[in-house]
Amino acid sequence: MSLARERARWKVMGQIIGQLTRENPWENIRRKGIGMRGPLQKESAKYPMAEEVRAAYQSGEDDESLEPRVLVDDGGKPMGSFHDGDYVIFYNIRGEREVELCRSLLEEKFAHFPVAQNIRLNFVTMIPYDKRLKAKVAFPPEEEVRDTLSEVLSKHGLRQVKISESEKAIHVSYFLNGRMREPFPAEERIVIPSPKDVPYYDQKPEMNAAGVADAVIHRLGDSANDFIFANFANIDVVGHIENEQAILRAVEAVDFQIGRVLEASRRAGVITLITADHGTAEKWFYPDGSIDTGHTNSPVPFILVGPKGEEPSSWKVRPGGELSEVAPTILELLGIPKPPVMTGESLLVQKPQVKPQGRRRILLILLDGWGFRPETDGNLIAQAQTPVMDDLQTGYPFATLKAAGEAVGLPEGTVGNSEVGHLHIGAGRRINSDRLRIDRAIQDGSFFHKKVFLGAMRGANESGKNLHLLGIVSFFSSHGSINHLMALLKLAKQESVGSLYLHAMLGRRGEHKESGARYIEWIEKEMENLGVGRIVSVIGRYWSLDREENWDRVEKTYRMLVYGEGKPVLAERGKPPG
């Protein structure tokens, strides 16, 4: 077959997969959510993992914290554990929560918990997670994101301080800096520890917002700090938990701390900008009335507060914009020209004519997860007691910024997330997300030519080793898409992969309750129809996708993958082991 004809064939395959994922059931999922019943529950006894996850719900477990389940044969032996020389494709995107698990599997001198010394894996990741990992990457960055807000400030000799709880430390450093891990000259990062004395943050919805505020107030008192960035994590973190009262308390805690910080900021003569990276709790319900704990496609607020002595009416901002316009606004306030790559425009329409005494200082407060929605029905932010933000929105220059979909480099209609939110705030321009790039590669067929995918699949066949697919099983997760998994399964079918095992992670963020079982059953059916692979393990993402060195959680996932530890699930129902 000619190269042109082969490319055309793969392009058609990409279009077929794209059509499959847009039509039934996924088109229904887009419109109505994953909370559907009926066809996906028929004949569930044929699909052991889906049946087991449903049973877990009955015993009080949920998708996010699901204890590991492992498929076993009739002798009770785990099926699909990792072995020396096996090939693994970790198809998650985003990357920062994936690093710890990868380190346990790949690092030669890993020491955070005992690991097998005789296993060497041929590892592929969908995108770069960490350059130190010994893994091949299917979709390396298209471009290096340079001349971000942080880099420009550093080049002009300005001191900048970034303050957050540990839950969001990666966002105010790595993502805000254009995916640069190392700080720029004159950049300081302050990480306030998130609470460790509770298993879930709805038990302490205030988290450590007071500690963040204290650190900001302290740095405001030091006139050497030209730019201060502060992230309040509560609403996003607590908003993913189905606990209405806890979310209200989280919102109110953030509002109170904003008041403390603003008082200090105005007293110090600092200009304060307040915004968010995406919405969460302002849309508490799906259209069918069930609870939505995920991110939203709402815009976010943008408020400008001048220092004491400058009337709010002396400032004006455009009524609407997008997150990529925050950085150009800050640079204009500081009198610094924006670099050519910053295509975002400043939101300022008018600023005071009086020349300020001394140089300007800026504080940017980011209210993680605080979406803006005028309607109060199902809006937990509007229902909370927020006197500070209420006064700011009515008494100071106010705008709304697009924080989802194409405005932050995501597919049209996609909800926002913290990663792209911080990235666009810092970059000052639109940057295509990895999700969008991969979706397009599936559509045009180039996905199926990726050398690292083909190398893993052909390498497994030629060496008689197993191929493992590892990742989130979800349509809505910012960590990955079921579209990408389906494309890998189609490619494995095309390559006649003989031994393929899927290790699935579940997590209810932006999903209907108990959606994990329906995803798992759908994938089990698709694997059966394709005649390729099996789901051999399922676990909640709480145990797998950590970024705060909770190594006990990661160890649980490691032991499931390598030793087959977890609740056994018979591959053939009704057949006792042994």
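Reader: Which residues of strand 7 are buried on one side, and which on the other?

Author: First, the ground rules. This is a predicted model, where local features need pLDDT of at least 70, side-chain atom pairs count only at pLDDT 80 or more, and totals for chains, interfaces and linings use all residues. Residues are numbered from 1 along each chain as its sequence is written, and side-chain values use heavy atoms, with hydrogens and water left out. Buried means under 20% relative accessible area, with a 1.4 Å probe and protein chains only. Strands are DSSP runs of E, at least two residues, and helices are runs of H or I, at least four, numbered from the N terminus. Now the case. Phe227, Phe229 and Asn231 are buried on one side of strand 7, and Ile228, Ala230 and Phe232 on the other.

Reader: Which strands are joined to strand 7 by bridges?

Author: Two strands pair if DSSP finds at least two bridges between them. Strand 5 (residues 160-165) runs parallel to strand 7, with 4 bridges. Strand 13 (residues 362-367) is also parallel to strand 7, with 6 bridges. Look at Ile228: it is the bridge partner of Val161, and it stands opposite Leu363 in strand 13.

Reader: How do I read the order of the open sheet of 8 strands?

Author: Read across the sheet. The order is 4-3-2-15-16-17-1-18, and the pairing is mixed. Strand 4 (136-137) and strand 18 (567-570) are the edges, each pairing on one side only. Inside the order, strand 15 (residues 467-472) and strand 16 (residues 500-506) run parallel, joined by 6 bridges. Leu469 has Leu502 of strand 16 as its bridge partner.

Reader: At what angle do helix 3 and helix 17 cross?

Author: Axes are lines fitted to C-alpha atoms, for helices over the stretch in contact, and angles run from 0 to 180 degrees between N-to-C directions. Under 35 degrees counts as roughly parallel, over 145 as roughly antiparallel, 65 to 115 as roughly perpendicular, and the rest as oblique. Helix 3 (residues 48-58) and helix 17 (residues 515-530) cross at roughly 170 degrees, their axes coming within 8 Å. That makes helix 3 roughly antiparallel to helix 17. Contact means heavy atoms within 4.5 Å. Among the residues making it are Met49 and Tyr57 of helix 3, and Ile520 and Glu524 of helix 17.

Reader: Why is helix 17 described as largely enclosed?

Author: Count its buried residues. They number 14 of 16, so helix 17 is largely enclosed by the rest of the structure. After helix 17 comes Gly531, with a positive phi near 75 degrees.

Key:
Buried means under 20% relative accessible area, exposed over 50%, partly exposed in between (1.4 Å probe, protein chains only).
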